[in-house]
Amino acid sequence: MSSELKVLQVIPKLGYGGAETGCYDLAHYLPENNCSSYIVTSGGELLKFIDKKKVKVIKLPVHSKNPFLMLFNSIALIFIILLNNISIVHARSRAPAWSCLFATKITRRKFVTTFHGTYNFKNSIKKFYNSVMVRSDLIIAGSNFIFSHINQNYPKYLNLKKKILSNF
């Protein structure tokens with residue numbers, strides 16, 4: 001059995017935004033450092049630039065907020081995690097993060113989220129939906145502002161034993 005680190009990133013679409021280019025950059029950095037790299041996405045413009053020899057790309061409708069598709073994605077992710085012996089699952093958006101949360105709980109893998117921006121939460125249902133981004137084993141905050149935003153707005157969902165990293 002291989003002890004090589006295998007990282008699966010899950011992102012709705014690979015476009016040209018900050019989350020997407022960060023996903024792209026990390027996906028290509030990992031194989032250069034003796035790690036296997038996987039991306040699950042529904043598509044996007046950056047897909048044509050992915051080096052398919054270094055990064056395994058799997059297409060799923062992870063952009064969808066439809067609860068039935070999110071459940072389907074969870075089941076598909078469970079199979080992907082187990083078949084590829086994935087070590088870490090990294091979600092970069094809320095809808096796929098819910099699918100990843102369930103899949104990592106069942107497979108007992110490490111779960112990482114990157115909290116890229118502030119999310120609208122005018123009611124408790126929306127705040128609960130957003131809270132998936134702080135339910136991971138490790139939370140990466142995109143800036144000190146986001147770090148403060150997480151601590152101020154999601155203390156109810158934060159586990160103080162978990163790590164929160166800020167890029168700055």
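# Briefing: helices, pocket and selected residues

In helix H1, the buried residues are Ala 19, Cys 23, Ala 27, His 28 and Leu 30. They lie on the same side of H1, because the arc they cover around the axis is only 160°. The model is a predicted one.

**Helix H1**

- H1 runs over residues 18-32, which makes 15 residues, and it reaches 21 Å from its first C-alpha to its last. That reach is close to the 21 Å expected at 1.5 Å a residue.
- Strand S1 (6-10), strand S2 (36-41) and strand S3 (55-59) are included in what covers the buried residues of H1.
- Gly 18 and Glu 32 are exposed residues carried by the face of H1 that is turned away from its buried side.

**Helix H2**

- H2 spans residues 67-84 and has 18 residues. Its end C-alpha atoms are 25 Å apart, which agrees with the 26 Å that these residues should span at 1.5 Å a residue.
- The buried residues in H2 are Met 70, Asn 73, Ser 74, Ala 76, Leu 77, Ile 78, Ile 80 and Ile 81.
- Strands S1, S2 and S3 are among the elements against which the buried residues of H2 pack. These buried residues also pack against strand S4 (88-91), helix H3 (94-107) and helix H4 (124-130).

**Largest pocket**

- The volume of the largest pocket is about 150 Å³.
- Its lining consists of Ile 11, Pro 12, Lys 13, Ala 19, Glu 20, Arg 92, Ser 93, His 116, Gly 117 and Tyr 119.
- By class, the lining residues of the largest pocket are four nonpolar, three polar and three charged.
- Ala 19 lines the largest pocket and is also one of the buried residues in H1.

**Residues with positive phi**

- Most residues other than glycine have a negative phi.
- Asn 34 is not a glycine, yet it has a positive phi of about 60°. Asn 34 follows H1 and is found in the loop between H1 and S2.
- With a relative accessibility of 62%, Asn 34 counts as exposed, because the exposed class is over 50%.
- Arg 108 is a residue other than glycine with a positive phi, near 60°. The loop between H3 and S5 holds Arg 108.
- Arg 108 has a relative accessibility of 77% and therefore counts as exposed.

**Val 112 in strand S5**

- Val 112 has its place in strand S5, residues 110-115.
- The relative accessibility of Val 112 is 11%, so Val 112 counts as buried, the cut-off being under 20%.
- Apart from neighbours within four places in sequence, Val 112 is in contact with Ile 88, Val 89, His 90, Ala 91, Ser 136, Leu 138 and Ile 140.
- Val 112 and Pro 31 are 81 residues apart along the chain, and their C-alpha atoms are separated by 19 Å.

**Ile 106 in helix H3**

- Ile 106 is found in helix H3 and is exposed, with a relative accessible area of 57%.
- Along the chain, Ile 106 and Ile 78 are 28 residues apart, and a distance of 7.5 Å separates their C-alpha atoms.
- Ile 78 is among the buried residues in H2, whereas Ile 106 is exposed.

Key. Residues numbered from 1 in each chain as written. Predicted model: local features only at pLDDT ≥ 70, side-chain atom pairs only at ≥ 80, totals over all residues. Heavy atoms only, no water. 1 Å grid on protein atoms, 1.4 Å probe; cavity = no way out; pocket = protein on both sides within 12 Å on 5 of 7 lines; lining within 4 Å. Points joined across faces, edges and corners; volume = space filled by probe spheres on them. Nonpolar A, V, L, I, M, F, W, Y, C, P; charged D, E, K, R; others polar. Helix = DSSP H or I, 4+ residues; strand = E, 2+ residues; numbered from the N terminus. Expected span 1.5 Å × (residues − 1). Buried < 20%, exposed > 50% of the residue type's maximum accessible area, 1.4 Å probe, protein only. Arc of directions from axis to C-beta. Contact = heavy atoms within 4.5 Å.
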